Amino acid sequence: RSAGRSISDRVRQSDLVARLGGDEFVVICPETSETGLEQLAFALKQDFTRLKVGVSVGFAERTDFDRGPDDLMARADQAMYAQKRAGSLR
């Protein structure tokens with residue numbers, strides 16, 4: 001609950017926060033630059049550290065090549081696993 005609340009407190013009213021299941025959340029941030037996504041990811045990591053909860057963040061921007069939401073989610077998921085391996089934001 002604290003994690004979900006922390007995410008909701010960080011995003012804009014125009015953003016969408018959803019729990020995918022278990023400990024996985026997705027945040028959809030329309031019209032947000034990569035820099036904005038990086039800032040959000042950094043802030044969330046700080047918040048979760050204070051909550052003493054581990055966090056891995058992956059993000060992706062929509063491209064003209066996306067056939068649908070699944071393409072975007074797959075790239076964000078890949079970025080999250082790459083971040084877990086590397087220990088960096090991406």
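I counted the secondary structure first: the protein has 3 helices and 2 strands. I noted that this is a predicted model. Then I read along the sequence and found the pattern α-β-β-α-α.

Next I checked the overall build. The radius of gyration is 13 Å, close to the 12 Å that the globule rule gives for 90 residues, so the protein is as compact as a globular protein of that length. I also looked up the box around the C-alpha atoms, which is roughly 40 × 30 × 25 Å along the principal axes.

**The strands**

I turned to the two strands. Strand 1 covers residues 16–21 and strand 2 covers residues 24–28. They pair in the antiparallel sense, over 5 bridges. Then I looked at the hairpin, where 2 residues lie between the strands. There G22 takes a positive phi near 55 degrees.

**Helix 3**

I moved on to residues 69–86, which form helix 3. This helix has 18 residues. From first C-alpha to last it reaches 26 Å, close to the 26 Å expected at 1.5 Å a residue.

Which residues of helix 3 are buried? I found D71, A76, A79, M80 and Q83. What do the buried residues of helix 3 pack against? My entry reads helix 2, residues 34–50.

**Whole-protein totals**

I closed with the totals. Of the 90 residues, 30% count as buried. The protein exposes about 6,500 Å², and carbon and sulfur atoms supply 50% of that area. I also looked at contacts between residues at least 6 apart in sequence: 38% of them join residues at least 24 apart.

Notes
Residues are numbered from 1 along each chain as its sequence is written. This is a predicted model: local features need pLDDT of at least 70, side-chain atom pairs count only at pLDDT 80 or more; totals for chains, interfaces and linings use all residues. Side-chain values use heavy atoms; hydrogens and water are left out. Helices (H or I, at least four residues) and strands (E, at least two) are DSSP runs, numbered from the N terminus. The expected span of a helix is 1.5 Å times one less than its number of residues. Buried means under 20% relative accessible area, exposed over 50%, partly exposed in between (1.4 Å probe, protein chains only). Contact means heavy atoms within 4.5 Å. Two strands pair if DSSP finds at least two bridges between them. The radius of gyration is taken over C-alpha atoms; the globule rule is 2.2 Å times the number of residues to the power 0.38. Accessible areas come from the Shrake-Rupley method with a 1.4 Å probe; for residues, only the protein chains shown count as cover.
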